Amino acid sequence: MAQDLIVNFFLEGIMQESVIYQDILQKGLAKGLQQGLQQGLQQGLNQGKKQEAIAMIQGMLNRRFGSLKLDVQNRLESLTLTQLEELSLALLDFTEVTDLVTWLESR
């Protein structure tokens with residue numbers, strides 16, 4: 001109700017041209033931009049960590065068992081970063097590639 005009174009009292013076009021309105025708008029835009037940049041940076045860092053973990057684990061598995069089948073590689077890429085960290089420890093106990101496949105199926 002108070003908003004209706006303010007809208008009726010001030011014309012929208014006049015309000016948008018005011019210095020105070022423009023200041024509030026700029027602060028809001030700057031805050032939104034900053035939050036967007038922070039969120040994008042965090043997502044990029046997380047994606048980079050995940051890609052690095054996948055590359056390291058694939059390298060260790062390839063060295064131990066030879067080239068992995070494409071479906072196994074795809075399963076590795078679908079794991080979360082936390083699951084990749086768990087796998088990096090679990091793979092030390094694997095004696096054959098079927099151990100890896102069994103581990104992946106349990107996730």
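Of the 107 residues in the chain, 17% count as buried, where buried means under 20% relative accessible area, exposed over 50%, and partly exposed in between, with a 1.4 Å probe and protein chains only. The model is a predicted one, in which local features need pLDDT of at least 70 and side-chain atom pairs count only at pLDDT 80 or more, while totals for chains, interfaces and linings use all residues. Residues are numbered from 1 along each chain as its sequence is written, and side-chain values use heavy atoms, with hydrogens and water left out.

The fold is quickly told: the chain holds 6 helices and 0 strands, and its elements read α-α-α-α-α-α from the N terminus on. Helices (H or I, at least four residues) and strands (E, at least two) are DSSP runs, numbered from the N terminus. Among contacts between residues at least 6 apart in sequence, 59% join residues at least 24 apart, contact meaning heavy atoms within 4.5 Å.

Two packed helices are described by the angle between their axes and the distance between the axes. Here, helix 3 (residues 19-65) and helix 4 (residues 70-77) pack at about 145 degrees, and their axes lie 10 Å apart. Axes are lines fitted to C-alpha atoms, for helices over the stretch in contact, and angles run from 0 to 180 degrees between N-to-C directions. The crossing of the two helices is right-handed; a crossing is left-handed if the near helix is turned anticlockwise from the far one by less than a right angle, and right-handed if clockwise. From helix 3, Lys50, Ile54, Ile57, Gln58 and Leu61 meet Gln73, Leu76 and Glu77 of helix 4. By class, this contact has 4 nonpolar, 2 polar and 2 charged residues, with Ala, Val, Leu, Ile, Met, Phe, Trp, Tyr, Cys and Pro counted as nonpolar, Asp, Glu, Lys and Arg as charged, and the others, Gly among them, as polar.

Glutamine 58, a residue of helix 3, counts as buried because its relative accessibility is 17%. Not counting residues up to four places away in sequence, glutamine 58 touches Gln73, Leu76 and Glu77.

Alanine 53 also belongs to helix 3 and, at 12% relative accessibility, counts as buried. Beyond its neighbours within four places in sequence, alanine 53 is in contact with Leu81 and Leu84. Its C-alpha atom is separated by 7.6 Å from that of glutamate 85, 32 residues apart along the chain. Leucine 81 lies in helix 5 and is partly exposed, at 24% relative accessibility. With neighbours within four places left aside, leucine 81 is in contact with Lys49, Lys50 and Ala53.

Helix 6 (residues 97-105) has Leu100, Trp103 and Leu104 as its buried residues. Seen down the helix axis, these fall within an arc of 100 degrees, so they line one face of helix 6; the arc is that of the directions from the helix axis to the C-beta atoms. The buried residues of helix 6 pack against helix 3, helix 4 and helix 5 (81-90), whereas Thr102 and Glu105, on the other side of helix 6, are exposed.
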